[in-house]
Amino acid sequence: MKKKQLWLFVFISLVILVGVFYYMQYASNAKKEEIVRTGIPIGKEYIKEYYRADFIFKSYDYIGSYVNNTIYLIGYIKGHEDHSISIAYDFEKKEVLDVLGPAWFIDSRNPKKN
């Protein structure tokens, strides 16, 4: 009888641990999606203001908040689908840190970056 109780306890503990793990994963993904939803309009406005272009969002790259507060919004400029543009977005400060892409695009920044 004691052996059955021990296995039942182990099984229930395992189910609880797996449930907690999945919940934490879900909460983490929901937080990332919220950060991206907040960052896309800020990034698009930055590109429109400083580069006079339309940014089309495709995906994102999340480094992890244990490293820094940066998420990379990846996309392209309308009319230049074959050239990738990345916007480094600080989600704590809610501001664009940098824009990465081909030289012809980066050099088109107005006003020129100091």
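I started with tryptophan 104, which is partly exposed at a relative accessible area of 40%. My cut-offs: buried is under 20% relative accessible area, exposed is over 50%, and partly exposed lies in between, with a 1.4 Å probe and protein chains only. I have to keep in mind that this is a predicted model, where local features need pLDDT of at least 70, side-chain atom pairs count only at pLDDT 80 or more, and totals for chains, interfaces and linings use all residues. Residues are numbered from 1 along each chain as its sequence is written, and side-chain values use heavy atoms, with hydrogens and water left out.

Next I checked phenylalanine 105, and that residue is buried, with a relative accessible area of 2%. I then searched the whole structure for aromatic pairs and got five. For this, rings of Phe, Tyr and Trp (its six-membered ring) pair if their centres lie within 6.5 Å; planes under 30 degrees apart are stacked, over 60 edge-to-face, and the rest tilted.

One pair I looked up is tyrosine 46 with tyrosine 50, a tilted pair at 4.6 Å centre to centre with 45° between the planes. Why do tyrosine 46 and tyrosine 50 sit about one helical turn apart? Because they are four residues apart in helix α1. Tyrosine 46 counts as buried at 15% relative accessibility, while tyrosine 50 counts as partly exposed at 22%. The rings of tryptophan 104 and phenylalanine 105 are edge-to-face, because their planes stand at 80°, and their centres are 5.9 Å apart. I also noted that ring pairs link Tyr51, Trp104 and Phe105 into a cluster.

Which residue lies over the face of tyrosine 50? I found arginine 109 there, 4.2 Å from the ring centre. The test is NZ of Lys or CZ of Arg within 6 Å of the ring centre and within 35 degrees of the ring normal.

**The chain as a whole**

I counted two helices and four strands in the protein chain, running α-β-β-β-β-α from the N terminus. Helices (H or I, at least four residues) and strands (E, at least two) are DSSP runs, numbered from the N terminus. The radius of gyration is 22 Å, well over the 13 Å that the globule rule gives for 114 residues, so the protein chain is more spread out than a compact globule. That radius is taken over C-alpha atoms, and the rule is 2.2 Å times the number of residues to the power 0.38. I also wrote down the span of the C-alpha trace along its principal axes, about 75 × 30 × 20 Å. Of the 114 residues, 26% count as buried.

**The core**

The largest nonpolar core has 18 residues, and Ile47, Ile77, Val99 and Phe105 have the most contacts inside it. A core here is a set of buried Ala, Val, Leu, Ile, Met, Phe, Trp, Tyr and Cys residues joined through side-chain atoms within 4.5 Å. Which elements give two or more residues to this core? I got α1 (2–51), β2, β3 (80–90) and β4 (95–100). The most comes from α1, with six residues. As background, nonpolar side chains tend to be buried together in soluble globular proteins.

Contact means heavy atoms within 4.5 Å.

Threonine 70 was my next stop, in strand β2 (residues 70–77). Is threonine 70 buried or exposed? It is buried, with a relative accessible area of 7%. Not counting residues up to four places away in sequence, threonine 70 touches Ile63, Ala88, Tyr89, Phe91 and Leu97.

**Loops and the tail**

Most residues other than glycine have a negative phi, so I looked at two residues that go the other way.

- Arginine 52 has a positive phi of about 50°; its place is the loop between α1 and β1 (55–62), and it counts as exposed at 62% relative accessibility.
- Lysine 94 has a positive phi of about 55°; its place is the loop between β3 and β4, and it counts as partly exposed at 48%.

Last, I checked proline 111, in the segment after α2 (103–106). Proline 111 counts as partly exposed at 47% relative accessibility.
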